Amino acid sequence: MDRFFRKYVWDDERTPYLVSVARLTRGQIEYELRFYAVFSGVLFALVSVAALSNSLPHGDARGVSLYAFTQVCAALLLGMTRSAWAALYCASAPLAALVYFVLFGFHPSLGMADKALLLAAMVLWFAYCGRLLAVARAYSGLDA
């Protein structure tokens, strides 16, 4: 059972999230940045399309859709080039979500626990973005 856990859930090479940035290898950095790029790219592709829907409370939000599309582009750049600038732009996403919540509020059907969970997720995501930036900077400092 331990073999399957280490192979599919937690592998020191492919899921190095508890390894300090200074000790990461080139391969570990590439896996971490690629995973983040795929995760955020898919998330913001969905947000980009959903923000154009009139059925949402703040429907037809072209500005939100445009920002989400730029996040998809930044995620693609991050995944392909491991650029620290792309990582910096990707790191702005949780702050943009928090600004959105302040300006437009939450979906009316959300309860207090749901709102707290969303806020906690944004804060944790923002905290992880510090690591994302450090990992991207560490990659640019590695020799080929």
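**Close-ups of the helix packing**

α5 and α6 are roughly antiparallel to each other, a label used for angles over 145 degrees. This is a predicted model, in which local features need pLDDT of at least 70, side-chain atom pairs count only at pLDDT 80 or more, and totals for chains, interfaces and linings use all residues. Residues are numbered from 1 along each chain as its sequence is written, and side-chain values use heavy atoms, with hydrogens and water left out.

**View 1. Helix α5 against α6.** Here α5 (residues 93-104) packs on α6 at an angle of about 150°, and their axes are 8 Å apart. Axes are lines fitted to C-alpha atoms, for helices over the stretch in contact, and angles run from 0 to 180 degrees between N-to-C directions. Helices are DSSP runs (H or I, at least four residues), numbered from the N terminus. The crossing of α5 past α6 is left-handed, meaning that the near helix is turned anticlockwise from the far one by less than a right angle. On the α5 side, look for Ala93, Pro94, Leu95, Ala97, Leu98 and Phe101; they touch Leu118, Leu119, Met122, Trp125, Phe126 and Cys129 of α6. Contact means heavy atoms within 4.5 Å. This contact has twelve nonpolar residues, no polar and no charged ones. Ala, Val, Leu, Ile, Met, Phe, Trp, Tyr, Cys and Pro count as nonpolar, Asp, Glu, Lys and Arg as charged, and the others, Gly among them, as polar.

**View 2. Helix α2 against α6.** The axes of α2 (residues 26-50) and α6 (residues 112-140) come within 10 Å and cross at roughly 135°. That makes α2 and α6 oblique to each other. Once again the crossing is left-handed. Among the α2 residues that meet α6 are Arg26, Glu30, Leu33 and Phe44. By class, the contact of α2 with α6 has 13 nonpolar, no polar and four charged residues.

**View 3. Helix α2 against α3.** With their axes 8 Å apart, α2 and α3 (residues 62-81) pack at an angle of about 160°. So α2 is roughly antiparallel to α3. Their crossing is left-handed. The contact includes Tyr36, Ser40 and Gly41 of α2, along with Ala68, Gln71 and Val72 of α3. Its residues divide into twelve nonpolar, six polar and no charged.

**View 4. Phenylalanine 39 in helix α2.** Phenylalanine 39 sits in α2. With a relative accessible area of 47%, phenylalanine 39 is partly exposed (between buried, under 20%, and exposed, over 50%, with a 1.4 Å probe and protein chains only). Phenylalanine 39 and alanine 75 lie 36 residues apart in sequence, yet 8.7 Å apart in space, C-alpha to C-alpha.

Conventions:
Helices (H or I, at least four residues) and strands (E, at least two) are DSSP runs, numbered from the N terminus. Angles under 35 degrees count as roughly parallel, over 145 as roughly antiparallel, 65 to 115 as roughly perpendicular and the rest as oblique.
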